[in-house]
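I opened a new page for this structure. The entries below follow the order in which I looked things up.

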Amino acid sequence: MSPIESVGIVGGGLMGSGIAEVSSRAGIPVTLVEISAEAADQAQSRIEGSLRRAEKRGKIEAAEVEDVLARISFTDALEQLAQCDLVVEAASENEQVKLDLFRRIGPMLEKEDAILASNTSSIPIVKLGAVSGRAGRVMGIHFFNPAPVMKLVELIPSLTTSPETKSRVATFVEDQLGKQAIEATDRAGFVVNSLLVPYLLSAIRMYEAGYASAEDIDHGMVLGCGHPMGPLALCDLIGLDTIRAIGASMYDEFKEPLYSPPPLLDRMVEAGLLGKKSAQGFYPYK
Ligand code: NAI
């Protein structure tokens, strides 16, 4: 089983830029594809900003920052992925967007054993595999935010993923990237979001109903339960549009009311209040 020697990333937002950084820091050349040249430039700045912050904290040498950046190429042309050993799709959490990407990228990959993965939090992997024309070599690889810092990666083989794909991806994640993997079945939410999302949505409902201020809800969980961050601050960090999309997919699959996005979350997303990435969510950001 050959190691992964080239990685393609589709979508360079919060997650795609983090996964590109992690892969390049592991010494692997990366091609990052965004939807436009402008978005590709933004992804480049995001990665550079993250590396400079790591440098300031003494986590990486200045010379290495340059090497990591030099190993990533940024483009708006999907065809540039043709030679990759592994492509990780990290575009917005929207089923139609992802199905369209898998339909287009699947036949483009020139290597017989190339793997096409999704970082989706809740969209069925089996559906993405079915439209890709290479279902045996499609799988979920779910990183956590921020990807350069968080140790965990969930691996999600679908009903049609081959055992070879699963073990090559596990080796990539654990041995090449140095992350820790857990395996989950192909159900919306996997392990972590199945537990986390109802908790976050409950905090939004609590705030919406006027139980307490955002600060007091967050202080409650930080000081009372030892969480590193309160639920509303965590919603802002993840992105309210992403949380709404994950909750909606989980609700579609299980019809469990706790997964259903509350009206305040809908309104905030409709108003463009997406959290940290839009500079305003439950809290303001610079
Ligand atoms: P984001 O909104 O920060 O970034 C999405 C990026 O995808 C944007 O930059 C957008 O321009 C790009 N994009 C959209 N359509 C595209 C296309 N057709 N081709 C190329 N690029 C395209 O979203 P985020 O948070 O990075 O989420 C991405 C994926 O990662 C989603 O599936 C989400 O569920 C998953 N995820 C998110 C986490 C989080 O904490 N935000 C954690 C783990 C997974």
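I took helices (H or I, at least four residues) and strands (E, at least two) as DSSP runs, numbered from the N terminus. The model is predicted, so I noted that local features need pLDDT of at least 70, that side-chain atom pairs count only at pLDDT 80 or more, and that totals for chains, interfaces and linings use all residues. Residues are numbered from 1 along each chain as its sequence is written, and side-chain values use heavy atoms, with hydrogens and water left out.

Entry 1, the ligand. The ligand has 24 residues around it, and Met-15, Glu-34, Glu-93, Lys-98 and Ser-121 come nearest. For polar contacts I looked for pairs of N or O atoms within 3.5 Å. A backbone N or O atom of Met-15 is 2.8 Å from a ligand oxygen. Lys-98 places a polar side-chain atom 2.8 Å from an oxygen atom of the ligand. At Ile-238, a polar backbone atom lies 2.8 Å from a nitrogen atom of the ligand. I then checked the cover: the ligand alone exposes 830 Å², and the protein buries 86% of that (Shrake-Rupley method, 1.4 Å probe).

Which elements give two or more residues to the shell around the ligand? I found α1 (14-25), α4 (95-105) and β6 (138-143). The largest share, 3 residues, comes from α4. Domain 1 (7-183) and domain 2 (193-278) each supply at least three residues of the shell; the bounds come from an automatic or database domain assignment.

I used buried for under 20% relative accessible area, exposed for over 50%, and partly exposed for in between (1.4 Å probe, protein chains only). In α1, 10 of the 12 residues are buried, so this helix is largely enclosed by the rest of the structure. Met-15 is among the buried residues of α1, as are Gly-16 and Ser-17. After α1 comes Gly-27, with a positive phi near 90°.

I found a cis peptide bond between Asn-145 and Pro-146, with omega about 0°. Pro-146 sits in the loop between β6 and β7 (152-157). Lys-255 is not a glycine, yet its phi is positive, near 55°. Lys-255 belongs to the loop between α10 (240-254) and α11 (263-270), and is exposed at a relative accessible area of 51%. Ala-279, also not a glycine, has a positive phi of about 70°. I located Ala-279 in the segment after α11, where this residue is partly exposed at 31% relative accessibility.

Key: A residue is near a molecule or strand if one of its heavy atoms lies within 4 Å of it. A polar contact is a pair of N or O atoms within 3.5 Å; within protein, one must be able to donate a hydrogen and the other to accept it, and residues adjacent in sequence count only if both atoms are side-chain atoms.
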